[in-house]
Amino acid sequence: MKRDEFLTTLTGSFSAVCLACMTTACSEDQMGAPSAMNTPAGATSGSTINLETELKAVNNFIAKNGFIVIRTATGNTAASFVAFSSVCPHAGATVEYKESSSSFLCAAHGSTFSSSGALTQGPATVGLTKYDVEITGLTLRVKA
Ligand code: FES
């Protein structure tokens, strides 16, 4: 192989490697940014819960249709509940609610969130997306 051919081959390979590195870097930059991926599937129609049979005691929770709804007080008023997206703001894995510590954990990379949805440990850079709820009779609906 002549010197010119060798350098052309080397330069071409180096360009391909650099392109792969730039693509990866862009992906990692975007992982921590707030985006539409925080919106759970089914968010346009919300989610309903029957309060006659579900969420009867304080700290009961339901993970359903991309939301986590927690009863925080007695009484069937909107102020007695909080609702969050179960989609982790880091890279979109499903967040779990831990009743024992009243906090959220994303097992994918270890992010944790307080009971108010605030970020307590990364790699996520923002808290969970919170939603309002409305109650009609004994039906709770997440307003998404
Ligand atoms: S997806 Fe990475 S911490 Fe949740």
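Which residue of β8 is the bridge partner of F113? The partner is L119, and the legends below place this pair in its setting. The model is predicted, and local features are described only where pLDDT is at least 70, side-chain atom pairs count only at pLDDT 80 or more, and totals for chains, interfaces and linings use all residues. Residues are numbered from 1 along each chain as its sequence is written.

**View 1. Overview of the fold.** The secondary structure of the protein comes to one helix and 10 strands, where helices (H or I, at least four residues) and strands (E, at least two) are DSSP runs numbered from the N terminus. Read along the sequence, the elements follow the pattern α-β-β-β-β-β-β-β-β-β-β. Of the 144 residues, 24% count as buried, a residue being buried if 20 or more other C-beta atoms lie within 10 Å of its own, exposed if 12 or fewer, and partly exposed in between, with C-beta atoms placed from the backbone. Among the contacts in the protein with a separation of 6 or more, 43% come from residues 24 or more positions apart; two residues are in contact if their C-beta atoms, placed from the backbone, lie within 7 Å.

**View 2. The open sheet that contains F113 and L119.** Four strands form an open sheet in the order β5-β6-β7-β8, with antiparallel pairing; two strands pair if DSSP finds at least two bridges between them. Strands β5 (96-98) and β8 (119-121) stand at the edges, each with a single partner strand, so one side of each is left without a neighbour in the sheet. Strand β7 (residues 112-113) is joined to β8 by two bridges, and these strands run antiparallel; it is here that F113 has L119 as its bridge partner.

View 3. Strand β2 (residues 61-64) runs antiparallel to β3 and is joined to it by four bridges, with K64 having F67 of β3 as its bridge partner. The two strands form a hairpin with two residues between them, and in the turn N65 has a positive phi of about 50°. Five bridges join β3 to β4, again in the antiparallel sense, and R71 stands opposite F81 in β4. In a regular strand the side chains alternate between the two faces of the sheet.

View 4. Strand β4 (residues 81-85) pairs with strand β9 (residues 130-136) in the antiparallel sense over two bridges, and the bridge partner of A83 in β9 is Y131. Five of the five residues of β4 are buried, with F81, A83 and S85 on one side and V82 and F84 on the other. Strand β9 also pairs in the antiparallel sense with strand β10 (residues 139-143), over five bridges, and here the bridge partner of D132 is K143. Strands β9 and β10 form a hairpin with two residues between them, where G137 in the turn has a positive phi of about 65°.

**View 5. V69 and A83 in the largest nonpolar core.** The largest nonpolar core has 25 residues, and those with the most contacts inside it are V69 and A83; a nonpolar core is a set of buried Ala, Val, Leu, Ile, Met, Phe, Trp, Tyr and Cys residues joined through C-beta atoms within 7 Å. Strands β3, β4, β9 and β10 each supply at least two residues of this core. V69 lies in strand β3 (residues 67-71) and counts as buried because it has 25 C-beta neighbours inside 10 Å. Leaving aside neighbours within four places in sequence, V69 is in contact with I49, L55, F61, I62, F81, A83, V133, L140 and V142. With residues up to four places away likewise not counted, A83 touches F67, V69, K130, Y131, V133 and V142. In soluble globular proteins, nonpolar side chains tend to be buried together.

**View 6. Y97 in relation to V69 and S86.** The C-alpha atoms of V69 and Y97 are 9.4 Å apart in space, although these residues are 28 apart in sequence. S86 is found in the loop between β4 and β5, and this residue counts as buried because it has 22 C-beta neighbours inside 10 Å. S86 and Y97 are 11 residues apart along the chain, and their C-alpha atoms are separated by 8.8 Å.
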